[in-house]
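Here is a short briefing for a first look. Start with the overall layout, then follow the helices and loops one topic at a time.

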Amino acid sequence: RDLHSFPTRRSSDLILVVDDVVSQRELARQMREKIGYRVETAPGGQEAVDLLAAGRRFDLVVLDMIMDPGIDGLETYRRLHGLRPDQKTVIVSGFSESDRVKAAQALGAGPYVRKPYRLERLAAVIRQVLDQG
């Protein structure tokens, strides 16, 4: 299906993409260009935590589970959740759904999307999460 069949809820939605791999952060540019979200990126978990600690607010965080060096996705989510318990989050990982993914979801993280993924799949999940309350 065409990406235009996945319209955004609001073009003002701001998404933070947290991933240690440059090519994955490049997805942020594609998200801006093809599906119209406002997107910022962070190269690691601590950088994402620092943004929220400084008072930044994001409608959604797209969080990689496996990041090196630094804190991984589960620890990042724990810290984000501590700062903002209602933070909507989508988890992505190149590995199969792990105990760490399940632990993050048990704390309140949203859906898991396995890498590599098509932008259409991620767009559908993002819209689903943003449309929830």
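Along the sequence, the chain runs in the pattern β-α-β-α-β-α-β-α-β-α. That comes to five helices and five strands. Keep in mind that this is a predicted model.

**Overall picture**

- The chain has 133 residues, and 45% of them count as buried.
- Take the contacts between residues at least 6 apart in sequence: 67% of these join residues at least 24 apart.

**Helix α3 and its buried face**

- Helix α3 covers residues 73–83. Its buried residues are G73, L74, T76, Y77 and L80.
- Why do these buried residues line one face of α3? Seen down the helix axis, they fall within an arc of 155°, so they share one face of the helix.
- An α-helix has 3.6 residues a turn, so residues three or four places apart point the same way.
- D72 sits at the start of α3. One of its side-chain oxygens reaches to within 3.3 Å of the backbone nitrogen of L74.

**L74, a residue to look up**

- L74 belongs to helix α3.
- Is L74 buried or exposed? Its relative accessibility is 2%, and buried means under 20%, so L74 counts as buried.
- Beyond residues up to four places away in sequence, L74 touches M65, R100, A103, A104 and L107.
- L74 and A103 are 29 residues apart in sequence. In space, their C-alpha atoms are 7.4 Å apart.

**α3 beside α4**

- The axes of α3 and α4 come within 9 Å and cross at roughly 10°. The two helices are therefore roughly parallel.
- On the α3 side, the contact uses L74, Y77, R78 and H81. On the α4 side, it uses R100, A103, A104 and L107.
- By type, the residues of this contact are five nonpolar, one polar and two charged.

**α2 beside α3**

- The axes of α2 and α3 come within 9 Å and cross at roughly 5°. So α2 is roughly parallel to α3.
- From α2, the residues that meet α3 are G45, Q46, A48, V49, L52 and A53. They meet T76, R79, L80 and L83 in α3.
- This contact divides into six nonpolar residues, three polar and one charged.

**α1 against α5**

- Helix α1 spans residues 22–35, and helix α5 spans residues 119–130.
- At what angle do α1 and α5 pack? The angle is about 75°, with the axes 11 Å apart. That makes the two helices roughly perpendicular.
- α1 brings L27, Q30, M31, K34 and I35 to the contact. α5 brings L119, L122, A123 and I126.
- Seven residues of the contact between α1 and α5 are nonpolar, one is polar and one is charged.

**Loop residues**

- R84 lies in the loop between α3 and β4. Its relative accessible area is 15%, so R84 counts as buried.
- Leaving out residues up to four places away in sequence, R84 touches L52, R57 and F58.
- G110 lies in the loop between α4 and β5 (112–114).
- Which residues does G110 contact beyond its neighbours within four places in sequence? They are T89, I91 and Q105.
- G110 and I91 are 19 residues apart in sequence, yet 6.8 Å apart in space, C-alpha to C-alpha.

**Two cis peptide bonds**

- As background, most peptide bonds are trans.
- D68 and P69 are joined by a cis peptide bond, with omega about 0°. P69 is in the loop between β3 and α3.
- K115 and P116 are also joined by a cis peptide bond, with omega about -10°. P116 is in the loop between β5 and α5.

Technical notes
Residues are numbered from 1 along each chain as its sequence is written. This is a predicted model: local features need pLDDT of at least 70, side-chain atom pairs count only at pLDDT 80 or more; totals for chains, interfaces and linings use all residues. Side-chain values use heavy atoms; hydrogens and water are left out. Buried means under 20% relative accessible area, exposed over 50%, partly exposed in between (1.4 Å probe, protein chains only). Helices (H or I, at least four residues) and strands (E, at least two) are DSSP runs, numbered from the N terminus. The arc is that of the directions from the helix axis to the C-beta atoms. A polar contact is a pair of N or O atoms within 3.5 Å; within protein, one must be able to donate a hydrogen and the other to accept it, and residues adjacent in sequence count only if both atoms are side-chain atoms. Axes are lines fitted to C-alpha atoms, for helices over the stretch in contact, and angles run from 0 to 180 degrees between N-to-C directions. Angles under 35 degrees count as roughly parallel, over 145 as roughly antiparallel, 65 to 115 as roughly perpendicular and the rest as oblique. Contact means heavy atoms within 4.5 Å. Ala, Val, Leu, Ile, Met, Phe, Trp, Tyr, Cys and Pro count as nonpolar, Asp, Glu, Lys and Arg as charged, and the others, Gly among them, as polar.
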